[in-house]
Amino acid sequence: MQGTVDGFGYGAVTPLVAFLMACLGGALGLRCITRSLLVTHSWRPAWLALGAAALGCGTWTMHFIAMMGFSIEQAPVHYDEPVTYASLGLAVVMVGIGVFIVGYRGATGAPLFTGGTVTGLGLASMHYLGMAGMRFHGSFAYSTPRVVASVAIAVAAATAALWAAGRARSLLPSVGASLLMGVAVSGMHYMAMAALTVRLDGTAETTADTPDASALVPMLLGPLVLLVLAGVAVILDPMLVLRHPDRAVALTAPGVPAAAPTGPRPAPHQHRHSDRGPVRQGARTPQDR
């Protein structure tokens with residue numbers, strides 16, 4: 001028989017908190033990716049890895065905070081921890097692949113399309129693998145058109161976010177990109193949930209009036225701690241504290257804007273040079289005569 005699903009057991013609280021977590025993960029991830037484009041090659045992998053972890057953990061945390069409001073009225077829901085953590089690992093790895101492609105090849109053209117596609121597929125795969133880790137007396141069925149729509153939203157959101165990371169330098173564009181990322185990730189999640197129907201077997205007799213949020217809280221602690229550490233790294237970033245990038249050779253791949261020079265600008269020329277050595281300004285050289 002078909003089960004009755006409630007995706008908003010706590011009203012607007014879980015969607016709002018989930019959206020804020022998606023924005024936080026997006027903001028930290030994009031900041032780390034942007035920072036990676038302004039440092040030497042020795043530091044770039046660390047910033048890209050931190051950005052991938054922040055994006056993956058932020059999206060994963062958003063998903064399971066939203067799932068705290070999910071319940072099936074005719075059956076209790078439990079979570080398979082190995083599968084649930086595997087969804088987190090999948091998200092971080094696939095997001096990392098996409099982020100490294102853009103970080104080393106540039107945020108334009110084929111690298112942007114490839115990186116955005118891989119990152120978006122990673123976010124969508126995280127969602128559906130996380131759903132596969134839910135255990136109850138029954139099974140899920142999905143509407144194919146809505147599943148395709150949720151994957152398209154994830155890919156579009158990831159591509160737009162990576163494009164913004166390669167260009168946003170000031171605060172306002174970064175905030176706008178983070179909000180866009182939060183809206184898109186939340187939209188992907190709830191579009192995927194709209195594609196869901198529940199089929200129960202004959203043993204489903206227990207009524208679950210409210211969702212069991214306590215089972216998800218321990219799982220969320222690790223990703224939340226990582227997001228806090230990423231936030232500390234971004235806050236203590238010398239580029240943010242001192243208001244200018246460090247003096248490093250920036251990436252010159254296509255689509256990555258060149259970093260502005262950080263040293264003092266050269267003074268106007270005081271001397272001219274001829275083949276016979278320096279000549280004072282205003283002096284006439286043999287060529288002038």
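Student: To start with, how many helices and strands does the secondary structure of the chain come to?

Tutor: The chain has eight helices and eight strands; helices (H or I, at least four residues) and strands (E, at least two) are DSSP runs, numbered from the N terminus. Keep in mind that this is a predicted model, where local features need pLDDT of at least 70 and side-chain atom pairs count only at pLDDT 80 or more, while totals for chains, interfaces and linings use all residues. Residues are numbered from 1 along each chain as its sequence is written, and side-chain values use heavy atoms, with hydrogens and water left out.

Now, pLDDT is the predictor's confidence in each residue, from 0 to 100. The chain's mean is 78, with 75% of its residues at 70 or more. Helix H4 (residues 109–132) has the highest mean pLDDT among the elements, 92, whereas strand E7 (residues 271–274) has the lowest, 49. So let's zoom in on H4.

Two packed helices are described by the angle between their axes and the distance between the axes. Here, axes are lines fitted to C-alpha atoms, for helices over the stretch in contact, and angles run from 0 to 180 degrees between N-to-C directions. H4 packs against helix H5 (residues 144–165) at about 135°, with the axes 7 Å apart. That's why the pair is called oblique: under 35 degrees counts as roughly parallel, over 145 as roughly antiparallel, 65 to 115 as roughly perpendicular and the rest as oblique. Contact means heavy atoms within 4.5 Å, and the residues making it include Gly-116 and Ala-124 of H4 and Ala-154 and Ala-158 of H5. By class, they split into 11 nonpolar, seven polar and no charged (Ala, Val, Leu, Ile, Met, Phe, Trp, Tyr, Cys and Pro count as nonpolar, Asp, Glu, Lys and Arg as charged, and the others, Gly among them, as polar).

Next comes helix H3 (residues 81–105), whose axis comes within 8 Å of that of H4, crossing at roughly 175°. H3 is therefore roughly antiparallel to H4. Their contact has 18 nonpolar, eight polar and one charged residues.

Finally, pick out Thr-84, which is found in H3. Thr-84 is buried, with a relative accessible area of 0% (buried means under 20%, exposed over 50%, partly exposed in between, with a 1.4 Å probe and protein chains only). Leaving aside residues up to four places away in sequence, Thr-84 touches Trp-60, Phe-64, Tyr-79, Gly-133 and Met-219. Thr-84 and Gly-133 are 49 residues apart in sequence, yet 5.5 Å apart in space, C-alpha to C-alpha.
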